[in-house]
Amino acid sequence: MSENDTRTTHFGFQTVDEEKKAGMVHGVFTNVASRYDVMNDVMSVGIHRVWKDAMMDWLAPRDGQKLLDVAGGTGDIAFRFLKRAPGAVATVLDMTESMLTEGQKRAEAARLDDRLDWVAGDAMALPFEANSFDTYTISFGIRNVTRIPDALAEAFRVLCPGGRLMVLEFSQLPNQGLQKLYDLYSFNVIPRMGQVIANDRDSYQYLVESIRNFPDQDRFADLIRDAGFGQVKYRNLSMGIAALHSGWKL
């Protein structure tokens, strides 16, 4: 590829070469891994737990299912899935090994060890055979992927026929006034929290910016359809601060 052909993407509000983004995102989550769960609770005042439970309610895990949780970090989604379906198994995949390490330290990981695998890997090139999983989840991770259509195509590939994709991600509020208030909070409060709690303002500044760059609910639903999924639907959570997207490999 010539210099003029270099493809670019967003890293927060910066424009960077595509080939550099994965390393930059890896750096962000390596920096925040040890304080990631604490920051999630503080930033969302614990509401992220309600959102994840809503994800499980819609997903309705069943015994015998195989879950792949991509960008699964410290295991929140996999733990919830396995608790609801004692006869299921799960694989947590994340590009950042330090996030997986933090997840494996959690008490739930020891209790579920015989039904849970931890794998370091790339959402755009999953290290699994086609038609391997019944359910694919990704929670607050798809916006960090360099090429979102590639990750969705990989999700479609590794799901069995009849398998389900579910994405939980920050989104856009339909009311402009509320969106402005939310942006005011996000850009002024969250990076300061990151500095105080995780000693890392820059990483949380990136995370806030990445939310604003992510497609809105309808545009992201179109990307899921473009990847081949059917029966694509979404549900807003907390008026659209986050959204759940569902699709099926038919």
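Buried here means under 20% relative accessible area, exposed means over 50%, and partly exposed covers what lies in between (1.4 Å probe, protein chains only).

## About the model

This is a predicted model, in which local features need pLDDT of at least 70 and side-chain atom pairs count only at pLDDT 80 or more, while totals for chains, interfaces and linings use all residues. Residues are numbered from 1 along each chain as its sequence is written, and side-chain values use heavy atoms, with hydrogens and water left out.

Helices (H or I, at least four residues) and strands (E, at least two) are DSSP runs, numbered from the N terminus.

## Sheet and helices

Seen in order, its 7 strands run 5-4-3-6-7-9-8, forming an open sheet with mixed pairing; two strands pair if DSSP finds at least two bridges between them. Strand 5 and strand 8 (230-237) are the edge strands, each pairing on one side only. On average, neighbouring strands of this sheet are turned by 15 degrees against each other, direction ignored. For the angles, axes are lines fitted to C-alpha atoms, for helices over the stretch in contact, and values run from 0 to 180 degrees between N-to-C directions. Strands of a sheet pair through backbone hydrogen bonds, either parallel or antiparallel. Strand 3 (residues 66-70) and strand 4 take the parallel sense, over 5 bridges, and Leu67 stands opposite Ala90 in strand 4.

Helix 5 lies across strand 4 and strand 5, and runs at about 160 degrees to strand 5. Helix 10 (residues 217-226) packs on the sheet and touches strand 7, strand 8 and strand 9, its direction making about 155 degrees with that of strand 8.

## Nonpolar cores

A nonpolar core is a set of buried Ala, Val, Leu, Ile, Met, Phe, Trp, Tyr and Cys residues joined through side-chain atoms within 4.5 Å. The largest one has 31 residues, and Trp51, Leu116 and Leu168 have the most contacts inside it. At least two residues of this core come from each of helix 3 (47-59), helix 4, strand 4 (89-94), strand 5 (116-120), strand 7 (159-170) and strand 9 (242-248). Apart from it lies another core, of 27 residues, including Ala123, Phe133, Val158 and Leu159.

Contact means heavy atoms within 4.5 Å.

## Salt bridges

Side chains of opposite charge can pair when their charged atoms come close. A salt bridge is a side-chain nitrogen of Lys or Arg within 4 Å of a carboxyl oxygen of Asp or Glu, and the structure holds 15 of them. One joins the side chains of Glu18 and Arg147 (3.2 Å, N to O). Glu18 lies in helix 1 (residues 18-32) and Arg147 in the loop between strand 6 (133-139) and helix 7 (148-158), so the pair ties together parts that are 129 residues apart in sequence. Glu18 is buried at 13% relative accessibility, whereas Arg147 is partly exposed, with a relative accessible area of 25%.

Arg106 and Asp76 meet through their side chains in another salt bridge (2.8 Å, N to O). The pair links distant parts of the chain, with Arg106 in the loop between helix 5 (97-104) and helix 6 (107-111) and Asp76 in helix 4 (residues 76-84), 30 residues apart. Arg106 counts as buried at 19% relative accessibility. Salt bridges that share partners join Lys52, Asp53, Asp76, Arg80, Arg106 and Glu108 into one network.

Leaving aside neighbours within four places in sequence, Glu18 is in contact with Arg7, Thr8, Thr9, Thr146 and Arg147. Glu18 and Asp113 are 95 residues apart in sequence and 36 Å apart in space, C-alpha to C-alpha.

Gln65 sits in the loop between helix 3 and strand 3 and is buried, with a relative accessible area of 9%. Its side chain reaches the backbone nitrogen of Arg62 at 2.9 Å, which is a polar contact: a pair of N or O atoms within 3.5 Å, where within protein one must be able to donate a hydrogen and the other to accept it, and residues adjacent in sequence count only if both atoms are side-chain atoms. Not counting residues up to four places away in sequence, Gln65 touches Ala60, Phe81, Ala88, Val89, Asp134 and Thr135.
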